[in-house]
Amino acid sequence: MQEPKDRTARKERRAIFVSYRRSDSAPWAGRLAADLRKYVGKERVYLDIDSNLPARDYVVVLEQALFASRVVIAVLGPQWSNTLNDQGQRRLDDSSDLVRVELETALRSGIALIPVLVGGATMPPAHELPSSLHTLARLQAVRLADEDWAYDFGRLLETLERHAVLPASVADAVPPSETTLLTTKRYERTLQASRRRAFDALTGAVELLRYPIVEMSPEAAMVTFNARRGGVVSAEVVDADPGYSTVVLKLPSVKMRAVAGVSVALAMVTNGVSLAAGPALLAWQRRFAVGFFDNVEGVLQGRGVGEDSSLLPGIHAWRNRRREV
């Protein structure tokens with residue numbers, strides 16, 4: 001499959017291309033595409049069964065859709081690598097197999113490729129794949145379990161956002177050619193606890209610190225709260241190694257390039273004081289994240305919470321003294 005000479009679509013990648021085998025994972029692929037369309041918009045998700053128009057060359061349409069995509073999602077079911085053709089040969093061993101060609105093209109062209117495991121499937125080892133797909137075995141996969149679909153789908157959305165696939169409302173409001181000053185700062189800490197216990201500790205810390213809760217979803221193990229000086233913050237618990245869970249904290253932030261530009265512009269007026277704005281912001285964010293994780297661990301271990309790291313040093317103790325009085 002050759003990349004089209006016209007790169008217009010390539011410059012405006014907004015779509016998700018869903019690659020799958022109908023005999024292996026059609027129901028999951030259909031459900032996934034429907035959920036993705038609610039998130040990014042119907043026209044931004046390509047699924048062959050309902051995206052192809054009549055009286056058009058299927059391969060040409062597939063080719064155009066693939067090169068117009070920002071991300072290719074490879075839906076891998078239990079029989080993805082072992083599906084046979086009419087001659088009893090493994091489809092994956094056929095160099096003209098469309099699923100194989102789709103993934104080879106994504107890898108060769110630098111299009112982000114995300115394996116999604118459904119139906120209890122596991123990642124195929126490299127020795128079971130054609131040499132052109134060995135890289136697939138090394139990619140980080142996302143699991144989509146039927147019994148935990150909402151939570152797993154949320155993790156997939158996070159992965160897509162890291163590849164600049166935004167919700168429809170955001171993508172429409174901020175065209176790819178425009179820039180925004182806002183971003184999200186992400187911090188993580190892994191704890192020795194099940195997802196349920198870690199989430200209980202997370203919400204316990206939020207409540208003990210008296211952070212106003214904006215939204216809570218036990219099913220997705222996520223809570224959004226107002227961290228006072230930090231603004232609205234979201235935190236969630238995701239699976240890590242067996243017996244461990246990772247708490248992910250997302251803080252609203254300003255892009256450091258924008259902060260640096262303003263700081264330099266004001267340097268003369270402020271006698272250089274503005275140059276400390278960027279480092280100070282990063283230092284506060286790190287301090288808040290570390291302090292918050294410490295408090296979550298404290299609740300997990302039965303010690304309760306300590307200092308409110310969203311406040312300036314000393315303010316937490318002053319507020320506690322006032323409460324005691």
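Ser 309 is buried, with a relative accessible area of 4%; buried here means under 20% relative accessible area, exposed means over 50%, and partly exposed lies in between, with a 1.4 Å probe and protein chains only. This is a predicted model, in which local features need pLDDT of at least 70 and side-chain atom pairs count only at pLDDT 80 or more, while totals for chains, interfaces and linings use all residues. Residues are numbered from 1 along each chain as its sequence is written, and side-chain values use heavy atoms, with hydrogens and water left out.

Ser 309 sits in the loop between α10 and α11 (315–324). Helices and strands are DSSP runs numbered from the N terminus, where a helix is H or I over at least four residues and a strand is E over at least two. Which residues does Ser 309 touch, not counting those up to four places away in sequence? They are Tyr 211, Trp 284, Arg 287, Phe 288, Gly 291 and Phe 292, where contact means heavy atoms within 4.5 Å. A polar atom of the Ser 309 side chain also lies 3.5 Å from the backbone nitrogen of Phe 292. Such a polar contact is a pair of N or O atoms within 3.5 Å; within protein, one must be able to donate a hydrogen and the other to accept it, and residues adjacent in sequence count only if both atoms are side-chain atoms.

Setting aside residues up to four places away in sequence, Phe 288 touches Tyr 211, Phe 225, Ala 227, Val 233, Leu 249, Leu 251, Ser 309 and Ser 310. In soluble globular proteins, nonpolar side chains tend to be buried together. A nonpolar core is a set of buried Ala, Val, Leu, Ile, Met, Phe, Trp, Tyr and Cys residues joined through side-chain atoms within 4.5 Å. The largest such core has 28 residues, and Leu 202, Phe 225, Leu 249, Phe 288 and Phe 292 touch the most other members. At least two residues of this core come from each of β6 (182–191), α8 (195–208), β8 (222–226), β9 (232–239), β10 (245–254) and α10 (277–300). Helix α10 gives the largest share, seven residues. A second, separate core has 26 residues, including Val 18, Leu 32, Val 45 and Val 165.

Helix α8 has 14 residues and reaches 20 Å from its first C-alpha to its last, close to the 20 Å expected at 1.5 Å a residue; the expected span is 1.5 Å times one less than the number of residues. Its buried residues include Arg 195, Phe 199, Leu 202 and Val 206. Helix α2 (residues 22–40) has 19 residues, but its end C-alpha atoms are only 23 Å apart, short of the 27 Å that a straight helix would reach. Where is the kink in α2 centred? The kink is centred on Trp 28 and is about 35 degrees, the bend at a residue being the angle between axes fitted to the seven residues ending there and the seven starting there.

Among the buried residues of α2 are Asp 24, Ala 29, Leu 32, Leu 36 and Arg 37. Arg 37 has a relative accessible area of 15%, and its side chain reaches the backbone oxygen of Val 45 at 3.1 Å. Just after α2, Gly 41 takes a positive phi of about 105 degrees.

Arg 210, in the loop between α8 and β7 (213–217), has a phi near 60 degrees. At 48% relative accessibility, Arg 210 counts as partly exposed. Ala 221, in the loop between β7 and β8, has a phi near 55 degrees. Is Ala 221 buried or exposed? Ala 221 counts as buried because its relative accessibility is 1%.

Pro 124 lies between β4 (112–118) and β5 (142–144). The C-alpha atoms of Pro 124 and Ser 81 are 7.2 Å apart, although the two residues are 43 residues apart along the chain.

Now the chain as a whole. The chain has eleven helices and ten strands, and buried residues make up 42% of its 325 residues. Of the contacts with a separation of 6 or more, 68% join residues 24 or more positions apart.
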